[in-house]
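Hi,

Here is the structure I said I would pass on.

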Amino acid sequence: MNDKSKIEKPVNVLIVGVGGQGVIMVSKVLALLCQTHGFEVKQSEVHGMAKRGGGVFSHIRFGPKVWSPTIPKGKADILLALEWAEAMRWLDHLKPGGTFIADTQRIVPPFACRNRKRGAERNYSRETPAEIIDKVKNGYALDAEGMAMTLGNRRVANTILLGVLSTALDFSPESWQAVIEKFVPPHTIETNAQAFQEGRSWTANAVKPLPVVSEAPSAESIDITTELTINTVWCKGCDICVKMCPERCLALNEDQEAVLIHPDKCTGCRICEWLCPDYAIKLHKRPNSQTEGTGAGV
Amino acid sequence: MNEISADSFDINEYLRLELFPHFLCPGCGHGMAMRAMLWAVAELGIDKDNLAIVSGIGCSGRMGAYVDANTFHVTHGRPLAFATGLKLARPDLTVIVITGDGDSLAIGGNHLIHACRRNLDITCLMLNNEIYGMTGGQVSPTTTLTRFTTTTPYGNYEPAFDACRLAEAAGASFVGREATLQVPTLKNLIREGIEHKGFSFLEVISDCTEIYGRKNALGNSPEMVLSQKSKMRPESYGGLMSNKVDQPFRPNPFQTGVLARNERQEYGELCRRHIAAKQQAE
Amino acid sequence: MSKQRLQNIPGNHACALGAVAAGCRFYAGYPITPSSEVAERMSAELPKVGGMFVQMEDEIASMGAVIGASMGGVKAMTATSGPGFSLKQENLGYAAQAEIPCVIINVMRGGPSTGMPTRPAQGDIMQARWGTHGDHPIIVVAPDSVAEIYSETIRAFALSERLRVPVVVLYDEVVGHLIETVDLQPAPEEQLASRKWAEGPREGFLPYRADADMVPPFPRPGDGFRTHTTGLTHDENGFPTQAHERVEAVIGRLLGKLDRHKELIESYEAVGCEDAEVIVTAIGISARAAKKAVATARKNGIKAGLFRPITLWPFPEEAFRKLSAGASAVVVPEMNAGQLALELERFAPGKVSALTRYDGEHIDPSQILKRIEEVLS
């Protein structure tokens, strides 16, 4: 049992993830847990603006007396990340020797895919869990979602992470479970209890360097050539393809006919083809093996 | 069912190429609706020989002629009546009706509600562009309030029909709505409509850019297509709070997707069962 | 024949039985006096032979559904009366333009407008010919007895299928509700045939390219022809055209095909016309009264004859001209304000005496006899 008197300075826990994952719920569990143990808790979060897919973070500080609501860079005792890239984003907040817990789940945001050509590299975090675990002293990277799926409910992934988190804090498992029960739907209490135990036992068995549970594939390299043909006889110059092309690779010529001006930028997304009311645009795709040497969007 | 990906669907296989380019104005949404329809037909692997397209009068009615199938361009407002006879006589044919807002809601309103009630296995595609385009731009039963047309020179003061609610109330066993902006989504909806055993009513939000768009300063073709999801028809479709579909990145002022579905007895089957029972008794 | 062939039934029932005997397997209709019995009987008969009956939402829709069924290749029919016939004219024109076979029964009642629903009349003679807009081909047959309703309904299907033209069976309320004995003999073999189906190569098939008989073969949906059917003026390929030289050719054929098959279409009854000084011409119940009047006149020593067009439109003009050439007068009893008389005036100028009545009562033989005597004095 956690002894209040043992903690003199506030403990900093930073919980991060993307919108919709449950960062706030996880924070509330921890905050309530600390509160029930008589600590002063300050929770500070940024959410809502992100909608789904954007970053969400929550600072939790607890101790006998807490003044500031936020955790400065390099001062987090624990960084709990529900998503891999968010873990990387907040890594500089972890203090040397702090505990790092991350789900290796990857949620690739639209802005990481600005180059929409097939096979183009994404601007998603390139650090692999193995590299990071090597660098931090207490690092845990796990495929919580995958584990949750084997338990039959992917939504208990956060409870698995709480199980891992519980090993880094000095509260009894029973008190954790009691708090978790207050936040989850009644019919899932049992699964959540299992998930919590799963997280704890995974941590106990985790050897260092920790096994990399899920490694996302590197940027996909699909060997396909796309070719856009425009039947100018059918084109009526409505301008829809020109304005709707996300890559701006079409234009109207002096005869008000659509022409492909940047074939190299064409990603083969088909928006022009689909929205052409006159069926004047046709996108052809073929594997490169058949058309050796031709570049994309010829 | 054949899975036809975007890559393997070739619309030209379903067109009467010798008639192209088609006669619709630049930027007309009907072309996109037709693409979605033909894509759905391709995905379902429907033999063109067994596909019958019945269309009425108006811009929408003319579209049927461009499809390489058994096409019937009938009288104004009556395609559902013709299709009822055709489908009853030839249950082996896949019958798709292409109609417009004036064709189906004004002159053909009676046929629409009874087709919904009867629940014969027909897919009815209503291309709604809020105007009588073929006759030069008169007010239609779906024209948004205050909009200008050649017969509402001071702005429209007639309330518009919500065709989907009308169809649902009349008993259509499958009702859906989608905009031409979303061609693949529209294709899926049409496919579901064709697959549905019974009468399916699908409202396709289309654009009349040349007449309606100009008269109301709704922007040129690309702007009109883009605005389909945000600001075009709030008055007609019950305001911002009516959104049933979760599309967080695009505020959606009118309901899209499948709006009603039930598994009522199909009329043709009922008819044939009745006949079989009578023949057995003889 | 297991069924009793001789039956006492009203004209409207004979009509339904004739249709079924002719191979009609689709009926769409809307209730209207005095034709509703046709629909009622069809709803009972069609299921027995695997046919479809559907009561539509209105007259327009029933005409549409009939054409739709026929477009699918099935023999189809509807029945109506004056106000409903007016509503059907739009789609009737479509059937004429697109050359879709179909049969329309019109049981005439008093008009105009709602008029006298339960009283007989013969006021739709001109509407049956010119009811829909534009020049169009149409065949109208006008039976005058229950037996003839049966046989003419069969013939109507034969003509419609053979020539790809809408055929109207036109009779008045009296004949429609009259109960007579009818021999329900099977339809003659030659009148049972369906339309000429398109065959041969699908590639390059022209749906409106007529054979030598001026009638194009019918491409049945599902047979692989994938043709276009439209009410717009269309070329041989089925697609709209407004090129004047093409329009003249295609509409010319449309209007000319009935003339080509005049002999097949024409049907009339002539009684004692050869030496007649006065010829009485009438249809339906008026013709039955005329028959009696002519017989009485002959008995009284007056050389009277009867010319009864069974095919009313196109009017058996040549036969009438020939038979009426020697007569000094043509008496035309009809239950309208003189529609048939006006037409006959073209063929027998100056000789026509219209005997009209539009009060909802039929014309009595004595009235006709009186007129015969008048025109001769």
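Let me start with a question: in what sense do strand E12 (residues 278–281) of chain C and strand E15 (residues 329–334) of chain C pair, and over how many bridges? They pair in the parallel sense, over three bridges. Within that pairing, C:Val280 has C:Val331 of E15(C) as its bridge partner. Keep in mind that this is a predicted model.

On confidence: chain C has a mean pLDDT of 96, with 99% of its residues at 70 or more. For the model, ipTM comes out at 0.95 and pTM at 0.81.

The sheet in chain C

E12 and E15 belong to an open sheet of five strands in chain C, ordered E11-E13-E12-E15-E16, and the pairing is mixed. The edges are taken by strand E11 (268–271) and strand E16 (352–356) of chain C; each has a single partner strand, so one side of each has no neighbour in the sheet. On average, neighbouring strands here are turned by 20° against each other, if you ignore direction.

Two helices are worth a look alongside this sheet. Helix H12 (residues 339–347) of chain C packs on the sheet and touches E12, E15 and E16 of chain C, and its direction makes about 155° with that of E15(C). Helix H13 (residues 365–376) of chain C also runs at about 155° to E15(C), lying across E12, strand E13 (304–309), E15 and E16 of chain C.

How chain C divides

Chain C splits into domain 1 (6–191) and domain 2 (269–376). Their centres, taken over C-alpha atoms, are separated by 26 Å. Domain 1 of chain C puts 24 residues into the contact and domain 2 of chain C puts in 20 residues. On the domain 1 side, the elements that give two or more residues are strand E6 (116–120), helix H5 (125–130), strand E7 (139–141), strand E8 (166–172) and helix H7 (173–177) of chain C. H5(C) supplies the largest share of that side, four residues. By class, the domain 1 side has 16 nonpolar, three polar and five charged residues.

A helix pair in chain C

Helix H1 (residues 11–21) of chain C packs against helix H6 (residues 146–163) of chain C at an angle of about 35°, and the axes are 8 Å apart. The crossing of H1(C) past H6(C) is right-handed. From H1(C), the residues that meet H6(C) include C:Gly11, C:Ala14, C:Cys15 and C:Gly18, while those on the H6(C) side include C:Ile149, C:Tyr150, C:Thr153 and C:Phe157. Sorted by class, the residues of this contact are ten nonpolar, four polar and no charged.

Chain A is divided into domain 1 (4–205) and domain 2 (224–287). Here 46 Å separate the two domain centres, again taken over C-alpha atoms.

The contact between chains A and B takes 18 residues from chain A and 22 residues from chain B. On the chain A side, helix H8 (240–244) and helix H9 (271–275) of chain A are the elements that give two or more residues. The largest share of that side, three residues, is from H8(A). The chain A side divides into nine nonpolar, one polar and eight charged residues.

That's what I have for now.

Cheers

Methods:
Residues are numbered from 1 along each chain as its sequence is written. Chains are lettered from A and ligands numbered from 1 in the order in which they are written. This is a predicted model: local features need pLDDT of at least 70, side-chain atom pairs count only at pLDDT 80 or more; totals for chains, interfaces and linings use all residues. Axes are lines fitted to C-alpha atoms, for helices over the stretch in contact, and angles run from 0 to 180 degrees between N-to-C directions. A crossing is left-handed if the near helix is turned anticlockwise from the far one by less than a right angle, and right-handed if clockwise. Two residues are in contact if their C-beta atoms, placed from the backbone, lie within 7 Å. Ala, Val, Leu, Ile, Met, Phe, Trp, Tyr, Cys and Pro count as nonpolar, Asp, Glu, Lys and Arg as charged, and the others, Gly among them, as polar. Domain bounds come from an automatic or database domain assignment. Two strands pair if DSSP finds at least two bridges between them. pLDDT is the predictor's confidence in each residue, from 0 to 100.
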